[in-house]
Amino acid sequence: MSGLWVSVRLAAMPGAAVVLGLLVAVTAALAAAFPRAVAGYEDRGLRRQIVDARPADATLRVERQTDFTELPADRAAALGPEQLAERRGKLAALLRAPLRIDASTQSYGVRTAPDVRLSDPGLPRPGILDPTVQLDARSGLTAHARVLEGRLPGPPAAGTALDKVTRLEAVVTPATAKTLGLHTGSVVHAQRLRPANVDPATLSFNDAHYEQMRAFGAPVAVHITGLVEPRDRDDAYWGVDPLLQAPRQVTRPVLVAGGQQWYWASGLMLDEGSAAAVDALWSRARVAPTTYYNYPLDTSRLTGADAGALLDRVTFLQSPAGPPVLAEAGGQGFAADSKLPQLLEGYVDLRAAVTPVVLVAAYALVTVAAVVLLMVGSLAWARRRGELVLLRARGGSLPAVTRRLAAEGAVVAVPAAAAGFAAAVLAVPSGTLAPALAAAAAVAVAAVLVVPARAWAALRPPVQAQRRTDLVTLRPSARRIVFEATGVALAVGALAALYRRGTSAGVDPLVSAAPVVAGMVLALVCVRLYPIPLRAAALPAAARRGIVGFLALARAGRSPQAAVLPLLAVLIAVSTAAFGGSVLAGVGEARDRLALLQVGADAVVSPVLPGQTALDNRGIRDDVPKPLPDEAADRVGRVPGVDIAVAVYRQPWLQLAGGEGVTLIVADSRQYAELSERLGLGAFPAGELHDRGVREPMAALISPAVAEAVDGRTFTLDAPHGELTLRPVLVREATPGWTGGSFVVVDAGVMARHHPATVGKPETRPTSVYVAGPGVRAGALRSAMASSPVPMEVRMRSAAREGLRDHPLQTGAERLYRTAVVAGTGFAVLAVVLSLVQAGPERRALMARLGTMGLAPAARRRLLLLEALPQLVLAGAAGTVLAVAAIRLLSTRIGLEAMASALHPESASPALAPTRLHPDPTALALPAVSVTALVTLVVLTQVWWSTRTPAEQMRAAEA
């Protein structure tokens, strides 16, 4: 009997069934696609975070240096090819999911530090220092290298004591061979040196070394047996140690004239059978050889949900608890090291900043979709009220009626939800199925139960004659008052939690839902209060000629209680779009600020000398300053779009007496002050840096860290100009040319007067041209410097800004938020349409009666439009107010800086000044105007439809 009932009802109203099915399918598709889209961009973001990093940073390195307490024979027995391979397998077994290893690119072996010196006289020497090499007995050379010339190296000759080996074989890449002047058959001699036991005060450099060394063994002849190239230059086998691919010219701070000396560092690859010999020969070197295992991370199956577990696992292996675990598989002395924790922490921070904002859009979309489903239920109840009341009057039980209504809904909603789920899976292929299936099922259940629940609530008490539902006679019930008071309490609690914890406290559903809950309360308040000014405005309208204005205001002031649902939908849609627009505008400002700090100006033009980096006792550093060609600043200043171009001397890595590292910046104070003001980076009065005379310390603008270190006192700084005596006069958080750390700025004229002997020397000439000019183009700057005697590099603030937004977490979240806003707006428009459809019969009857009374069609259309406009304008204005309130509340609690950039270690060094979230006028006005205009267009269409023919008006009037 129930099946016959369902088939008859669906056959009687096929149009309503089709509309319900389409609505459920679209809603289910959106609900299922949302978690899959979130999982998709989180997965891509984590993989991108690791893949884009340097291979050395995305690799887990398990290493130990030579242990002198072990007997040489025991060390040699543990470093054979079979023993090294066996230990590799045991250590890899400790690395369980999600710490999966890419076995195809892993490597292991024994290497020296990159400071084994080559004493052969024919090798290139940029300065007074010998070239150095890293001797690397690495496994897998056959699988990862392609022989271009000669052959692969072999192991040392058998029968010779390992510490007495005098000949080793190695291969090099073409880049190394070209730089060092090597070829197949070349022989170089690797020194075996260690620091001499002398007083550091007596260190001399007449032996061409940066510290006094003495030999502890005869040099080892390394024979070059061939040239090889990587089979894949991008895999971690080669990328984890760039010295193996190409040499690098580096510099060390030394105690000789000039301060720094350049030399070449490169890598020589030996057979893995040479590992024990390398360990024995250089065991007493300044840095003992290292037994290493490089485990690159396999990202093919990595998901965003794995980030926390992966971070915990890597952190554990690097903690003091890690070596005992590694000792069980590899032996004593092994320790794990990796920059994966920094990469993962950057990802987790970015995700934590993005997720609460995306959840705001998700809650808004759920709310508006729920409003639409509720209105569908109300519309179905209004259409079938008489039928269902009659069923109850003839003895139908309430459970039976609701079961039949649920069966009707299930026949339509369940297949539609399944179709929507399938469409979401096809449209968004990434992500797990369980959350998407649960979301689609929730939509189906809501669609099935909305009409039975509405009928149950209406039919359970004794059914009375249908009464007016406007605010003339209807008063809120006690139950409704309790419900609204509870909503207010929840909203206040959510806002209090939001104020206390903010989004920085993690993903809190109540906090993220606070704007939606506040919107519900605001909609209730608006519905209760807005009739009061409308009724007041209707009084003077009644005194004027014409009935349209008075009648429109009077009807709008008696809007039915059901109007709260479309008002809520439009309000939430407007506030979500405005809030999201302001967040995106704030993120854009933060990106622009970060790009400025990374580049140092709108554009920077500086010489570039490929292959040169700087090396201090802590490792290799980039961006070694080189002098500008003559007239470079003048050429740049004549480029169209350049407002100001300043030649700047910039020398990083200098140290104060207390050890604080600083960057020295020397420029013309007048031009530099103007540049600072144009860029908004630490503007200052130029006159403050002028000197009082050559006998007085030089005035300096310093960073807060330097100010704290010197505490207002005169201080000294060793620089290529000599010993600088400086007097702090100004403190600024940032300055042009500053890319992180501490800085000291000195006027170029003052520097020349205090140290005239250094004027014009290459090591003290300007190193870069800093440009202010938002409209300058990189191509124009490159063209201006095309005739430069040295290659010039152009770095643009605009290019850095674009690079900061190219991250799946950022772009995916922005795309998903915009999609949610568009979908929410569509649902809001649909809610208004449903409200118009529900009020359609009454409005058509009114229009027909007014037509029979002589009211012109144009006046009737104007009446309907004016009746609907107050609530639409109210929804737009209230949505904007709600967005402003949410923005003000969250202004210091949304991590715009984290959302502005993917926090790779190399991009996180500049300290980004806090960018507070603030209302963006365009983001606030555009949604309110657009949504209101769109809904108004829908109302106009319905007005035209309601007054289209006189015949239909007469039939409506007789109804």
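The following questions and answers go through parts of a predicted model.

Reader: What should I know about the numbering and the model?
Author: Residues are numbered from 1 along each chain as its sequence is written, and side-chain values use heavy atoms, with hydrogens and water left out. In this predicted model local features need pLDDT of at least 70 and side-chain atom pairs count only at pLDDT 80 or more, while totals for chains, interfaces and linings use all residues.

Reader: How are α9 and α11 oriented to each other, roughly parallel or roughly antiparallel?
Author: Helices (H or I, at least four residues) and strands (E, at least two) are DSSP runs, numbered from the N terminus. The axes of α9 (residues 307-318) and α11 come within 10 Å and cross at roughly 150°; axes are lines fitted to C-alpha atoms, for helices over the stretch in contact, and angles run from 0 to 180 degrees between N-to-C directions. Angles under 35 degrees count as roughly parallel, over 145 as roughly antiparallel, 65 to 115 as roughly perpendicular and the rest as oblique. The crossing therefore makes α9, relative to α11, roughly antiparallel.

Reader: Which residues of α9 make the contact with α11?
Author: Contact means heavy atoms within 4.5 Å. On the α11 side the contact is made by Leu 340, Pro 341, Leu 344, Glu 345, Tyr 347, Val 348 and Arg 351, and on the α9 side by Ala 307, Leu 310, Leu 311, Val 314, Thr 315 and Gln 318.

Reader: Where does helix α11 bend?
Author: The bend at a residue is the angle between axes fitted to the seven residues ending there and the seven starting there. Helix α11 covers residues 340-393, and its bend of about 65° is at Arg 384.

Reader: How many of the residues of strand β21 are buried?
Author: Buried means under 20% relative accessible area, exposed over 50%, and partly exposed in between (1.4 Å probe, protein chains only). Ser 742, Val 744 and Val 746 point one way from β21, Phe 743, Val 745 and Asp 747 point the other way, and all are buried. For β21 (residues 742-747), the count of buried residues is six of six.

Reader: Is Leu 628 buried or exposed?
Author: Leu 628 lies in the loop between β15 (619-621) and α19 (632-637). Not counting residues up to four places away in sequence, Leu 628 touches residues including Val 605, Pro 607, Ala 647, Arg 765 and Met 792. With a relative accessible area of 5%, Leu 628 is buried.

Reader: What is the phi of Glu 631?
Author: Glu 631 is in the loop between β15 and α19. Glu 631 counts as exposed because its relative accessibility is 53%. Although Glu 631 is not a glycine, its phi is positive, at about 65°.

Reader: Which residues does a cis peptide bond join?
Author: Pro 98 is found in the loop between α4 (81-93) and β2 (107-111). With omega at about 5°, the cis peptide bond joins Ala 97 and Pro 98.
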